Amino acid sequence: MTIEVYRDAWGIPHLRAADPRELAFAQGRVTATDRAWQLEVERHRAQGTTAAFLGAAEVPWDTFVRRARLADTARRCFERLDPETGAWVRAYADGVNDGLPAGAGRAAEFAATGLSAGRWEPWTPLAVWLSTHILFAGFPAKIWRETVATRLGEEWTELFATDGPGTAGSNGWVVSGERTASGAPIVAGDPHRFIEAPGVYQQIRLACPEYDVVGIAVPGVPGLPHFGHTGRVAWAITNAMADYQDLYRERLRRRAGGGVEALGPDGWRPASAHVETVEVAGGEPVATEVIETDRGPVVTGPVGAAPGAADGPERDEDTGATASWEAVSLRCVPRVTGELGFGALSALLGAHRVADVDRAVDGWIEPVNVVQAADTEGGLLHRVAGRVPVRDRANSLRVVPAWEARHRWREAPAPLPRAEVRGHAVMANARGLAAPLGVEFAPAHRAARIDTLLGASAAWTAGAMASVHTDTDNPSAAPLLAVVRAAGTPRPPGGTASGVTPASRVVAARDAPSGTAPGTLSPAATRIRDRLLAWDRRMDAESTDAGLYAAVRGAVVRRITGHPVFAPLREPTPYPAVFQPWLALGPRVAYALETLLVAGPVPVADIARIVREALEEVATGPEPGAWGVTHRLAPWQALPDHDDAQWPGLAGDHDCVLSTSSVPGFTDRSARSSAARYVWDLAERDDSLWVVPFGASGVAGDPHHRDQLPLWLRGDLVPVTTDWHHLSKEHPHDAH
């Protein structure tokens, strides 16, 4: 082999090889060397085997992965790859296997858990991709809407839509050459993901005679699918917020011989069924039945025990079949078509201009993304890529009956929108370009703010883009501040506090003339009110006014969550733990606070009272500290170290451009933020910049384990270095 590994000052690997296949091997090997523990955790998560070494807490995830048949889907999709792409992916997996023994020897987590490095199959990268993105489109939100409709009323089904404050989000923008100092385009942004340690993204360079690309990879997956710069063209993505997964209400029954049948549009048809066992470290193994209907795998509901089990559904004495029971199945594109779009990953690396990127992402499948690109010839791209099925509108909103033919998918997918770039274009998960493809989108705040910031200059440089990345203005505070402003003044009449007020009455009440009975605030609460109204709305880490706002907001969220009208939604739901983040009322209220303050079943008078009570609560409690005191980083780790004090305070908030999401009212800790930041300069690639939250290495104690964290916190970026003479060549005996 002719593989060469170089490192820059930040330990970022730069790889050279004789051809793309050898380069894929090198990428797999260096990733295993740097991130062995992370890769093995991801492999086990994709196979549903994490509980075997992490314990009982992982059983819900492993059970879901088994039921959803992710590994089997990955096998199917790998078998359908064209030979060249299949060999490329296989080479990556071979490289991982080659590097894992040395990588595992450097990672203390293996010894701590008793885990030995396993073997990656050729299809494992596809399984990692699937497990990373299976919940990305948020299909459990359909269960939430079903719950709201059933327990609260049909008219409130979309009350908690994430067009109010939400956690989904990534920022991206492309600026044409007419708006930059160099006259060449710039592509920039930052993906917002749940922050994990090690990080979910990996800075890397891939060079061979066919191409030379710097970019941000997904550990465990070959190529640079999300963010890359070839020197002549650069690309980036954000989540399009499209709806491309469906949930079906299934009626199932077990035949006398033990087989399972499902009721579909053509009557009862056989469903596949088998039992898998989830091994549990320190506990008893857990058996789970895996059932798949013509719609897809059953992922939740009383699936039924193994055949013959005492707690299974009762049998009909006449037919020998069990009485039918209901469950919910998941229908997703890769399972239906056997295609995951991995051909696009290798094609992107060979792109020379925007048209090449455009053609490459024509083959993109999942997840559905908004893609932006620019090239040195002035070409610009702004489009949606992916596959969205065409079906009945109800499929996008709720869990739909499997036995009704109208809920079948059409054969041809939905057309994918695109738009012309004029000066600059922004992608921030908001309703807009991808609106025909989705139901719930992120608020318009981030997109509008980025648009305003970009419009303020016609001489942008790569270095200046950090001012956009780190903007802390919080426009979503306006509705609450408006109610705070009105505190202590006459209120409009509202509905009663018990029961649901119809939507028409809520709107009418908010438009009614003011009443005559004033609310009152104590002097201490009035001082808090006055401070909030004078606040500049910036969520800076050192701002005590931002901390004060967060304290009042949290108190408001808790009170609205506890309002009698929402009592039905506080009742437990019968769904697996893996879906509970979508079904918990508190976070739903927190993310939809803007909407709930001005519309919804909580009467106007009660909203006014709740805000006054929140002001009084904060006034009588301890003085809130600066925002960064409570708003601290909370990354996910497969093996938590329980040393919370090590994680720093953060600026920003979920609707700031500097998006650092928490769950207002319940915790200010931030589990979601910028998983990377990048600026791709098309004038000169070495003027490009990037940063990740931690570092290039996943090995504790390595100099590059967390060396980028201080820069990430300040909003600084690391320079992209591509001159081989300015890099350090790594030799086989080196530490890496």
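Rings of Phe, Tyr and Trp (for Trp, its six-membered ring) are taken as a pair if their centres lie within 6.5 Å, with planes under 30 degrees apart counted as stacked, over 60 as edge-to-face and the rest as tilted. One aromatic cluster is formed by Tyr-201, Phe-227, Tyr-678, Trp-680 and Trp-690, and the count by this rule comes to 17 aromatic pairs. Among them is the edge-to-face pair of Tyr-6 and Trp-724, with 5.0 Å centre to centre and 65 degrees between the planes. Because Tyr-6 lies in strand β1 (residues 4-7) and Trp-724 in the loop between β23 (718-719) and β24 (728-730), the pair ties together parts that are 718 residues apart in sequence; strands are DSSP runs of E of at least two residues, numbered from the N terminus. Both Tyr-6 and Trp-724 are buried, a term that stands for under 20% relative accessible area, with exposed over 50% and partly exposed in between (1.4 Å probe, protein chains only).

The model is predicted, so that local features need pLDDT of at least 70 and side-chain atom pairs count only at pLDDT 80 or more, while totals for chains, interfaces and linings use all residues. Residues are numbered from 1 along each chain as its sequence is written, and side-chain values use heavy atoms, with hydrogens and water left out.

A charge sits over a ring if NZ of Lys or CZ of Arg is within 6 Å of the ring centre and within 35 degrees of the ring normal.

| Charged residue | Ring | Distance from ring centre |
|---|---|---|
| Arg-16 | Trp-724 | 4.3 Å |
| Arg-45 | Trp-61 | 4.2 Å |

Val-275, in strand β11 (residues 267-278), counts as partly exposed because its relative accessibility is 39%.

Methods
Helices (H or I, at least four residues) and strands (E, at least two) are DSSP runs, numbered from the N terminus.
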